[in-house]
Each structure stands twice: as C-alpha cells, then as structure tokens.
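User: Please walk me through the labels used for this structure. I want to see each one set against its cut-off.

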Amino acid sequence: MSKLLIVGTVAFDAIETPFGKTDKILGGSAPYIGLSASQFNVNSAIVSVVGGDFPDKHLDLLRHHNIDISAVEIIPSGKTFFWSGRYHNDMNTRDTLSTELNVLSDFQPVVPTNFKDANVIVLGNLHPLVQLSVLDQTTNEDALVILDTMNFWMDNTLEDLMQVIKRVDVITINDEEARQLSKESSLVVAARKIQEMGPKYVVIKKGEHGALLFNQENVFFAPALPLEEVFDPTGAGDTFAGGFAGFLTKTNDFSFENMKKAVIYGSALASFCVEKFGTERMCNLEAKEVFRRLQLFKNLTQFDIELT
Ligand code: AMP
C-alpha cells in the first residue's frame, strides 16, 4: 500500500470571521492535510510537535482517522504553536493577528522508520529547515514531494525556503504568495519563474476563484464550487493540499493528466472545509458527500460546444 508522509504544524488556532469567533481550537497545517487525505484511506503519518497544553482528544481525533501520529512529539514543558487570524468581510483576505512558534522554534523532526520510503511526501506549511530535515531523512528517490508554504516563511526565512523549493516536485501556493515569491504580477509568468526555481508543477490557489496547475506549457484550471455560505476559510489551502496528495498517493500515478484529477479532488474537499469553523466539517465528512460534490463539480465545468 502506498504511503503518505506529512510534516506540518499541529496548532491551536483562534479565528475571527464576520460570523463569529473561536477560542483555541484544533488547527495547523498537518491536521487539515491529514484529515483531507484520510478520505482516500491511504497509509499516512504526521511528523510534528505539540506542547504539554495540547489535549489528548485532538490527538485521538487524528488517530481515529487512521493517521499515524507516533512522530508527533509532545514536549510536556512547552507550549503548542499558536496562530490567530481575522477575516475581512469578503472572506478572501485575512490579517494574521499572532503567530507564536513556541515548541516549533527548536523542533528536530524524526521521520518514523516505516515512512522513510513514503511514495508521497507533503512538506506542509512550517519552518523550511524542518521541511529540509524531513526530506533528508527520506529514502525513496521516486517519491513525489509536494511543498506548501506561505508569506510568513518568505518574509522571515527566504534563503532556507529557497533550498526547499529547489528540491520539490510540486509547490502549492496562493496567488498573492506566488507574486511575492516570483516578483511578477502575471500569474502565468510567476508560475514559469517558480518552475525555474525547481518544482516541475506549480499549483496556484485562488480561493473562491479556483486553482491553476502549471507544468511547462500545460495549464489546467479548476473552479472552486460556488458556495452559498463560506463560514471559515481557515485550512482550505491545506485541505486542498491533503486532497491533492491523498489522491496521488492512492493512485500512485504522478502524470499531468492524473494531477488534473488531483486538483479537482483537492478543490472538492476544500469546499467542505470552509463550511464550518476549523476542522469541524472535515472530521465528519462521509464518502458519499464527497461523491455528490464531485458530481456537482463535473456539472459545473462540463459543456458541449461545436467548434467548426
Ligand atoms: P490556510 O488557511 O490553509 O493558510 O491554513 C491555516 C492553518 O495554517 C491554521 O490552522 C494555522 O494554524 C496554520 N498556520 C498559520 N500560520 C502558519 C505558519 N506560519 N506556519 C505553519 N502553519 C501556519
């Protein structure tokens, strides 16, 4: 069975949207990626770190989704990574109010022996040196390496991040971050420049406006499902990455054609994530609901046109 290795933050999030506010709830890039990928019943493991303040119930939740969390280190005297953000009225943009690295500051990740040969590796959003260390511990040269990152790491650790970017096959990044990284305003030019930095595939996420997949001269576009209500966009990008990676792990086919399908799965799963606060919707998501949504995606994008 194919294996998926995930490294990312396991966090407390405090979120404010026009619809309400949460106290410290389960967040972080890794839970969103893991929960989303669990829809594909793949063998997955998370490498991360939490403090002694992290409740067992959150770890149990990940275990119940068949995610191996033996490499989530618990530092009893430390505090868990904390992030808080406030969304603007359009729900497309947000301000980060606080990022407290806490136990992440000097985290030395250890990849479980049975996941060193993973077929797909997701370097979820966290410190690039941690991402590099995970990559250095893996052994499968044919593994597909997917990187997700954000402006925080571009602002604070750009040199380290460039070392990671050089070594990955796919990068998933949002439109603003693609512009920041490439210093280009056109996303097509930005994608080309980012490919020159290393990744053969560039996925640019555009929130409610869908996602673009670039590979050399090929471009594929997947819309986001038009939803009546977006409750909380937190984690949508990570959920996208988890769905994308989960599908590719299950099918073990890393061709451009198959990546197009992975983009659709990622988009469909992300459309659930935003319906409730935090990870709530992803925790109780059934396969038949995903199936129905994929059908909606198909209807949304299929058309017959006679070109004579
Ligand atoms: P997304 O909405 O997809 O960008 O993901 C939001 C999640 O990323 C939240 O659950 C945060 O805990 C986590 N997060 C926020 N900032 C960072 C950061 N600098 N590094 C890693 N994870 C972060």
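Analyst: Start with the names of the elements. Helices (H or I, at least four residues) and strands (E, at least two) are DSSP runs, numbered from the N terminus. Two ground rules follow. Residues are numbered from 1 along each chain as its sequence is written, and side-chain values use heavy atoms, leaving out hydrogens and water. This is a predicted model, in which local features need pLDDT of at least 70 and side-chain atom pairs count only at pLDDT 80 or more, while totals for chains, interfaces and linings use all residues.

User: How far is an oxygen atom of the ligand from an N or O atom in the side chain of Asp238?

Analyst: The distance is 2.7 Å. A polar contact is a pair of N or O atoms within 3.5 Å; within protein, one must be able to donate a hydrogen and the other to accept it, and residues adjacent in sequence count only if both atoms are side-chain atoms. The Asp238 pair, at 2.7 Å, therefore qualifies. A backbone N or O atom of Gly28 also lies 2.7 Å from a ligand oxygen. For a polar backbone atom of Gly237, the distance to a ligand oxygen is 3.2 Å. The protein covers 94% of the 510 Å² of accessible area that the ligand has on its own. Such areas come from the Shrake-Rupley method with a 1.4 Å probe; for residues, only the protein chains shown count as cover.

User: Why is Thr9 called buried?

Analyst: Buried means under 20% relative accessible area, exposed over 50%, partly exposed in between (1.4 Å probe, protein chains only). Thr9 has 6%, so it is buried. Thr9 lies in the loop between β1 (3–7) and β2. Contact means heavy atoms within 4.5 Å. Leaving aside neighbours within four places in sequence, the contacts of Thr9 include Gly28, Ser29, Phe81 and Asn125.

User: Does Lys166 count as buried or exposed?

Analyst: Lys166 has 52% relative accessibility, so it counts as exposed. Its place is in the loop between α5 (158–165) and β11 (170–174). The side chain of Lys166 makes a polar contact with that of Gln163, at 3.5 Å. Not counting residues up to four places away in sequence, Lys166 touches Met197 and Gly198.

User: Is Ser271 buried or exposed?

Analyst: Ser271 has 5% relative accessible area, so it is buried. Ser271 is found in helix α9 (residues 256–273). Its side chain makes a polar contact with the side chain of Arg293, at 3.0 Å.

User: What is the relative accessible area of Asn102?

Analyst: Asn102 has 26%, so it is called partly exposed. Asn102 lies in the loop between β8 (94–100) and β9 (120–123). Its phi is near 45°, a positive value in a residue other than glycine. Most residues other than glycine have a negative phi.

User: How do you know that the chain is as compact as a globular protein of that length?

Analyst: First, the makeup: the chain has 11 helices and 14 strands. Its radius of gyration is 18 Å, close to the 19 Å that the globule rule gives for 308 residues, so the chain is as compact as a globular protein of that length. The radius is taken over C-alpha atoms, and the rule is 2.2 Å times the number of residues to the power 0.38. Of the 308 residues, 56% count as buried.
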